[in-house]
Amino acid sequence: MEDQAQALREMMGRASPQDARPLGAPDQGGMGNAAKKTRIIAVASGKGGVGKTNLSVNLAIAYAQLGKKVIVMDADLGLANVNVMLNMIPKFNLYHVIRKQKTMREIILDTDYGIRIVAGASGFSKIANLSEEERQNFINELYTLSEADIVIIDTSAGVSANVLSFVAAADDAIIVTTPEPTAITDAYGIIKIIATEIENLNIGLKLVVNRVHSVLEGRRVAERIINISGQFLNLKVEYLGCIYDDPIVSQCVIRQKPFVIAEPKSKAAISVQHLVSRMEKTEFSDDRGFGRFIKKFFGKD
Ligand SMILES: Nc1ncnc2c1ncn2[C@@H]1O[C@H](COP(=O)(O)OP(=O)(O)O)[C@@H](O)[C@H]1O
Ligand SMILES: [Mg+2]
């Protein structure tokens with residue numbers, strides 16, 4: 001499809017810092033050089049309920065506290081978790097963008113915590129069925145996200161095609177596990193599928209061990225996963241760190257307030273702050289531009 005490739009190439013050029021359009025402003029099709037440094041972080045896990053949404057939201061806020069512009073995209077199609085955790089009820093979501101009923105600008109929600117959120121849609125599963133025009137429109141709308149410094153994508157558990165698309169397209173994939181044997185096995189399972197299913201895997205694969213009782217416990221769990229990934233998959237997985245098991249996490253979920261805000265001195269909040277500073281120290285090849293995300297997401301590479 002020659003003209004589609006051309007359209008993609010043109011679009012690649014738009015997401016640059018020179019394009020200083022405000023978040024969500026209509027794309028004027030400016031001549032950028034695709035050098036916008038948006039870091040796209042997909043949060044994934046093998047097993048459900050291991051803490052992806054808590055990590056996504058609180059990591060996002062901790063990033064925002066460092067002065068970054070952050071958008072959390074809820075790509076967990078079944079459970080609309082991100083907004084629930086923030087006590088928000090989005091009227092519109094990505095489905096409406098895909099269907100051209102709303103623009104991305106119209107569905108991005110401000111929160112009280114310095115981050116913005118985008119509600120997901122089961123419409124994602126229909127991306128393969130979009131007409132060329134709808135697809136191009138959606139690609140255009142996705143570029144709105146390139147105004148952020150950080151985009152955190154909270155995915156659903158397991159390995160649907162959607163999760164794999166997000167992981168393939170991201171700069172970093174954070175795999176979340178807990179010390180439970182089932183979670184560890186499933187974390188290795190998703191890493192294995194990522195390694196075998198994604199061509200030209202070119203992402204920073206990172207591991208977070210949630211709900212630990214000691215730093216040592218986290219390190220031990222991580223070592224097991226990292227060692228077998230290296231041994232059997234020849235894959236480098238980096239240990240990003242752990243989050244303490246902390247009763248304030250579920251209390252804050254019930255209060256619908258993120259714990260880094262409500263309980264900033266708690267063990268869980270301090271853990272997340274450490275994760276952010278470690279993320280900031282990890283390499284991120286910021287010369288690839290947002291265009292790469294789009295290209296990879298739509299399987300063009
Ligand atoms: N560090 C933690 N300490 C204690 N409980 C936690 C922690 N992380 C997660 N939980 C519990 O696990 C539940 C599920 O977390 P959630 O982020 O929704 O998981 P996921 O998005 O992976 O399904 C939370 O509501 C909370 O009760
Ligand atoms: Mg979740």
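Predicted model: local features only at pLDDT ≥ 70, side-chain atom pairs only at ≥ 80, totals over all residues.
**Entry 1: around ligand 1.** I began with ligand 1, which has 18 residues around it, and Gly51, Lys52, Thr53, Asn54 and Ser250 come nearest. A residue counts as near a molecule if its C-beta atom, placed from the backbone, lies within 6 Å of it. Helix H2 (52–65), strand S7 (204–212) and helix H10 (247–255) are the elements that give two or more residues to this shell. Sorted by class, the shell holds five nonpolar, nine polar and four charged residues. For the classes, Ala, Val, Leu, Ile, Met, Phe, Trp, Tyr, Cys and Pro are nonpolar, Asp, Glu, Lys and Arg are charged, and the others, Gly among them, are polar.

Residues are numbered from 1 along each chain as its sequence is written, while chains are lettered from A and ligands numbered from 1 in the order in which they are written.

**Entry 2: the sheet.** I looked up the secondary structure and found 13 helices and eight strands. Helices (H or I, at least four residues) and strands (E, at least two) are DSSP runs, numbered from the N terminus.

**Entry 3: strand S2.** Next I followed S2 (residues 70–75), where six of six residues are buried. Buried means 20 or more other C-beta atoms within 10 Å of the residue's own, exposed means 12 or fewer, and partly exposed is in between, with C-beta atoms placed from the backbone. Val70, Val72 and Asp74 point one way, and Ile71, Met73 and Ala75 the other. In a regular strand the side chains alternate between the two faces of the sheet. S2 pairs in the parallel sense with strand S4 (residues 115–118) over four bridges, and six bridges join S2 to strand S5 (residues 150–155), also parallel. Two strands pair if DSSP finds at least two bridges between them. Ile71 stands opposite Arg116 in S4, and its bridge partner in S5 is Val151.

**Entry 4: the core.** Which residues have the most contacts inside the largest nonpolar core? I found Ala60, Val70, Val72, Ile152, Ile153, Ile175 and Val208, in a core of 87 residues. Such a core is a set of buried Ala, Val, Leu, Ile, Met, Phe, Trp, Tyr and Cys residues joined through C-beta atoms within 7 Å. H2 gives the largest share of this core, eight residues. Ile152 touches residues including Leu59, Ala60, Val70 and Val72.

**Entry 5: helix H13.** Last, I checked H13 (residues 289–297), where eight of nine residues are buried. Among them are Phe290, Phe293 and Ile294.

Key
Contact = placed C-beta atoms within 7 Å. Lists of a residue's contacts leave out its neighbours within four places in sequence.
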